[in-house]
Amino acid sequence: MMSLKEITASPTYNPNRVLDAIIEKLQLKNDAALSRALEVAPPVISKIRHNTLPIGATILIRMHEISDFSIRELREMMAH
């Protein structure tokens, strides 16, 4: 299994799939609602979405906690 660092460096890495899947699963309105659910500042979501900030382990765990997606599912969404 690829490490988180390898996933975020991959040319197929697309954090938008993960963010959009969580928004859909939790029926959130937008990225601002997602940032509140994840308990991060809105610019963090924007930076992740624009690929200037990789999804790190801490936020990945928080995504798992709020969405009930497994860590494996989240990692697979990022990599494909």
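## E24 and helix 2

E24 sits in helix 2, which spans residues 15-26; helices here are DSSP runs of H or I with at least four residues, numbered from the N terminus. At 65% relative accessibility, E24 counts as exposed, a label for values over 50%, while buried means under 20% and partly exposed lies in between (1.4 Å probe, protein chains only).

This is a predicted model, in which local features need pLDDT of at least 70 and side-chain atom pairs count only at pLDDT 80 or more, while totals for chains, interfaces and linings use all residues. Residues are numbered from 1 along each chain as its sequence is written, and side-chain values use heavy atoms, with hydrogens and water left out.

## Helix 2 against helix 4

Two packed helices are described by the angle between their axes and the distance between the axes. The axes of helix 2 and helix 4 (residues 42-49) come within 8 Å and cross at roughly 130°. Helix 2 is therefore oblique to helix 4. The axes are lines fitted to C-alpha atoms, for helices over the stretch in contact, with angles running from 0 to 180 degrees between N-to-C directions. Under 35 degrees counts as roughly parallel, over 145 as roughly antiparallel, 65 to 115 as roughly perpendicular, and the rest as oblique.

From helix 2, P15, N16, L19, D20 and I23 meet I45, I48 and R49 of helix 4, where contact means heavy atoms within 4.5 Å. The residues of this contact divide into five nonpolar, one polar and two charged. In this scheme Ala, Val, Leu, Ile, Met, Phe, Trp, Tyr, Cys and Pro are nonpolar, Asp, Glu, Lys and Arg are charged, and the others, Gly among them, are polar.

## The buried face of helix 4

I45, I48 and R49 are buried in helix 4. Seen down the axis of helix 4, its buried residues fall within an arc of 100°, so they line one face of the helix; the arc is that of the directions from the helix axis to the C-beta atoms. These buried residues pack against helix 2, helix 3 (31-38) and helix 5 (57-67). After helix 4 comes N51, which has a positive phi near 60°.

## S67 in helix 5

S67 belongs to helix 5. With a relative accessible area of 2%, S67 is buried. Apart from neighbours within four places in sequence, S67 is in contact with I22, K25 and L26. E24 and S67 are 43 residues apart in sequence, and their C-alpha atoms are 9.9 Å apart in space.

Terms used. Helices (H or I, at least four residues) and strands (E, at least two) are DSSP runs, numbered from the N terminus.
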